[in-house]
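Reader: I would like to go through the terms used for this model and see what each of them rests on. Please set the values beside the definitions as we go.

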Amino acid sequence: MARFSRTLFLPSFFYLTAAVIGILCLLIALYAQHVLDMAPCAWCVLQRLILLISCCLAVIAFITYQIGLFKTSWLIGFLFVLSTLSGIAAAWHQYTVASAQFSCSLSFADKTITQLGLDQALPQLFGIHAQCIDAKVKLLGIDFALWSLNMFIVLTAGGITALWMYHRQAAR
């Protein structure tokens, strides 16, 4: 019990927290879409995909750390940080560029989601239902893309902290 509780509050704690935050944010986005009728654009949907990938990586990093596969956990944690950095880039692009464009059609986000077939396989989660300029909405007075950007920044900071803590432990 002592080993588990001691390791839970080290790097793996950040991965578990990141997974919980990511799932909560995804649920909020789905609530906004299906209950508040905020139709997502291609960039919104791409960020959902990145968030799901990030959450999966966070859970895998947590599990591998808990079972003692520390180098594997570090590698998965590094991939987690890369995925959240791509989320930052996607959210920033949506806020600064895509939200001013009349159409998201044939954009990187649109091509990615349609070529993967996600819009057809899981339309409730990955369906593109709005153009970028139409999807520019505010939640509590703040642009939805900025909420996403800030969430990815928090997840990236947590992932970097977990990697730093791992290196501190390894140096001992």
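Reader: At what angle do the axes of helix α3 and helix α5 cross, and within what distance do they come?

Author: This is a predicted model, in which local features need pLDDT of at least 70 and side-chain atom pairs count only at pLDDT 80 or more, while totals for chains, interfaces and linings use all residues. Residues are numbered from 1 along each chain as its sequence is written, and side-chain values use heavy atoms, with hydrogens and water left out. The axes of α3 (residues 42–66) and α5 (residues 108–116) come within 8 Å and cross at roughly 60 degrees. Helices are DSSP runs of H or I with at least four residues, strands are runs of E with at least two, and both are numbered from the N terminus. The axes are lines fitted to C-alpha atoms, for helices over the stretch in contact, and the angles run from 0 to 180 degrees between N-to-C directions.

Reader: Why is α3 called oblique to α5?

Author: Angles under 35 degrees count as roughly parallel, over 145 as roughly antiparallel, 65 to 115 as roughly perpendicular and the rest as oblique. The crossing of α3 and α5 is at roughly 60 degrees, and that makes α3 oblique to α5.

Reader: Which residues meet where α3 packs on α5?

Author: With contact meaning heavy atoms within 4.5 Å, A42, W43, V45, L46 and L49 in α3 meet F108, A109, D110, T112, I113 and L116 in α5. By class, this contact of α3 with α5 has 9 nonpolar, 1 polar and 1 charged residues, where Ala, Val, Leu, Ile, Met, Phe, Trp, Tyr, Cys and Pro count as nonpolar, Asp, Glu, Lys and Arg as charged, and the others, Gly among them, as polar.

Reader: How do you know whether S73 is buried or exposed?

Author: S73, which lies in helix α4 (residues 70–96), has 2% relative accessibility and therefore counts as buried. Leaving aside its neighbours within four places in sequence, S73 is in contact with Y15, A61, T64 and Y65.

Reader: What is L52 called on that scale, and why?

Author: L52, in helix α3, has a relative accessible area of 24% and is therefore partly exposed.

Reader: Why are α3 and α4 called roughly antiparallel?

Author: The axes of α3 and α4 come within 8 Å and cross at roughly 165 degrees, and the two helices are therefore roughly antiparallel to each other. The contact of α3 with α4 has 15 nonpolar, 12 polar and no charged residues.

Reader: What makes α2 roughly antiparallel to α3?

Author: Helix α2 (residues 11–34) and α3 pack at an angle of about 155 degrees, with their axes 8 Å apart, and that makes α2 roughly antiparallel to α3. The residues of this contact of α2 with α3 divide into 18 nonpolar, 4 polar and 1 charged.

Technical notes
Buried < 20%, exposed > 50% of the residue type's maximum accessible area, 1.4 Å probe, protein only.
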